[in-house]
Amino acid sequence: MHAVVAFGGEADPDHVRGVLARAELVVAADGGAAHVEAGSGVCDVIVGDQDSAGSETLDRARAAGAEILEFPTAKDATDGELALREAVRRGATSITIVGALGGPRIDHLLANVALLAHPSLRGVDTAIEDSAHRIWLVRGSSSWRGAVGDCVTLIAVGGDAHGVTTQGLRYVLNDGALAFGSSLGVSNEMTNTHAALSVAGGSVLVIHERQSG
């Protein structure tokens, strides 16, 4: 089951609308409910301390059938983490996250990207998207489509990555290594409409920036 999880960061309504068209489950993290509404979608569940969604948005979502799961402000996880865990609990096998990038809080942006490594998401195909980017974590292998000239950055996370092999990128790695903390994998470029990455050990964050947005 494919889930869309909407966080409260910046999001383009047109992009959200397109992402929601593929959703079988829609989970909002607090203020992310406004993004779902702006994208002409309906939440199945809204999770969080409900300090930013707004009472009118919550009332409309509740009237449309959304379940509201309210948590205290003082808690051990962000609303985004709680929403992702709820999506997995409800059976999501793949997740697209919107509203996780941009906004005034760089700590939230970094924490949101770090959530891709959350233990509950292991085995769940999860990516963060906005109108210009797709970000996901690779343990093992991954392939994707894009346009020639699209920027692709590969960053080892949680330690060194080894046995790294790329296809369809200008700067080739063939059973190579990406050291944790190194910028070696920044600003690669797609040379085909299809690219692939395999990682024998470790984890690699992929950031695909589409030229046309």
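Me: Why does E86 count as buried?

Reply: The relative accessibility of E86 is 10%, and buried means under 20% relative accessible area, with exposed over 50% and partly exposed in between (1.4 Å probe, protein chains only), so E86 counts as buried. This is a predicted model, in which local features need pLDDT of at least 70 and side-chain atom pairs count only at pLDDT 80 or more, while totals for chains, interfaces and linings use all residues. Residues are numbered from 1 along each chain as its sequence is written, and side-chain values use heavy atoms, with hydrogens and water left out.

Me: What makes the pair E86 and R90 a polar contact?

Reply: Their side chains come to 2.7 Å, and a polar contact is a pair of N or O atoms within 3.5 Å, where within protein one must be able to donate a hydrogen and the other to accept it, and residues adjacent in sequence count only if both atoms are side-chain atoms. E86 itself has its place in helix α4 (residues 79–89), helices being DSSP runs of H or I with at least four residues and strands runs of E with at least two, numbered from the N terminus.

Me: How do you know that β1 and β2 pair?

Reply: Two strands pair if DSSP finds at least two bridges between them, and β1 (residues 2–6) is joined to β2 (residues 25–29) by four bridges in the parallel sense, with V4 opposite V26. Five bridges also join β1 to β5 (residues 94–98), again parallel, and there V5 stands opposite I97.

Me: What makes β1 mostly covered?

Reply: Five of its five residues are buried, with H2, V4 and A6 on one side and A3 and V5 on the other.
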